[in-house]
Amino acid sequence: AIAMVIPVCKLAGLYDRDEHLLHKRTLDEAPAIFYVATLYTLLAFLAGANVVEGTFGRPQAAVLWGVLFLFMLLLRGVARALAGVLVPEERCVILGNAEAAHWLSTKLERCEGARVEVVGRVPLRPDDTSVNELPLLGRFDALEALFAEHRVDRALIAPGSGDTDHRRLD
């Protein structure tokens, strides 16, 4: 029955979450881990004698739930800390104007859990030549080549107050 934990975690999305986040904390996963522990305990309780030798009543279900919840939190926290030491920082480029890029890079610097190295900025509009402390890497229309040249892992979009999501970016 232990092997059921992995598929339940996958169904809860616990293995797919990190690639979408910069700031990764195990406590943010606590609701999903609560869900997994609860669902797993319910399934074990309903299966009863098919998965447990002897009796499996409410006290055993409560202990299983508590142990599963606490150990999943603890072990995921240890694994995340180990990965944080072994995995290099993500190389990111910010797409947007100088003001918005400065604001976002400052936020990322202050964020303790985010392992990010901002390599530069690419303006969304060709006429944007504003500058700040971030290097201007090039034009938006050459994004693919810029990503390869600077070994970028992720692009962060930081549109300014005048930019809108319905305008074309060509």
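A polar contact is a pair of N or O atoms within 3.5 Å; within protein, one must be able to donate a hydrogen and the other to accept it, and residues adjacent in sequence count only if both atoms are side-chain atoms. This is a predicted model, in which local features need pLDDT of at least 70, side-chain atom pairs count only at pLDDT 80 or more, and totals for chains, interfaces and linings use all residues. Residues are numbered from 1 along each chain as its sequence is written, and side-chain values use heavy atoms, with hydrogens and water left out.

Q: Which backbone nitrogen does a side-chain oxygen of asparagine 97 reach at the start of α4?
A: Helices (H or I, at least four residues) and strands (E, at least two) are DSSP runs numbered from the N terminus. Helix α4 covers residues 98–110. At its start, the side-chain oxygen of asparagine 97 comes to within 3.2 Å of the backbone nitrogen of glutamate 99.

Q: What covers the buried residues of α4?
A: Buried means under 20% relative accessible area, exposed over 50%, and partly exposed in between (1.4 Å probe, protein chains only). In α4 the buried residues are Ala98, Ala100, Ala101, Leu104, Ser105, Thr106 and Leu108. Contact means heavy atoms within 4.5 Å. The cover includes β1 (90–96), β2 (116–122) and β3 (154–158).

Q: Is leucine 73 buried or exposed?
A: Leucine 73 is part of helix α3. Apart from neighbours within four places in sequence, leucine 73 contacts Thr26, Ala30 and Ile33. Because its relative accessibility is 18%, leucine 73 counts as buried.

Q: What separates the C-alpha atoms of leucine 73 and alanine 30?
A: Leucine 73 and alanine 30 are in contact. They stand 43 residues apart along the chain, and their C-alpha atoms are separated by 7.1 Å.

Q: Which side chain does arginine 91 join in a polar contact of 3.3 Å?
A: Arginine 91 lies in strand β1 and is buried, because its relative accessible area is 16%. Not counting residues up to four places away in sequence, arginine 91 touches Glu117, Val119, His150, Arg151, Val152, Asp153 and Arg154. The side chain at the other end of the 3.3 Å polar contact is that of glutamate 117.

Q: How far from a polar atom of the side chain of arginine 91 is the backbone oxygen of histidine 150?
A: His150 is among the residues that arginine 91 touches. The backbone oxygen of histidine 150 and a side-chain polar atom of arginine 91 lie at a distance of 2.7 Å.

Definitions and conventions
Expected span 1.5 Å × (residues − 1).
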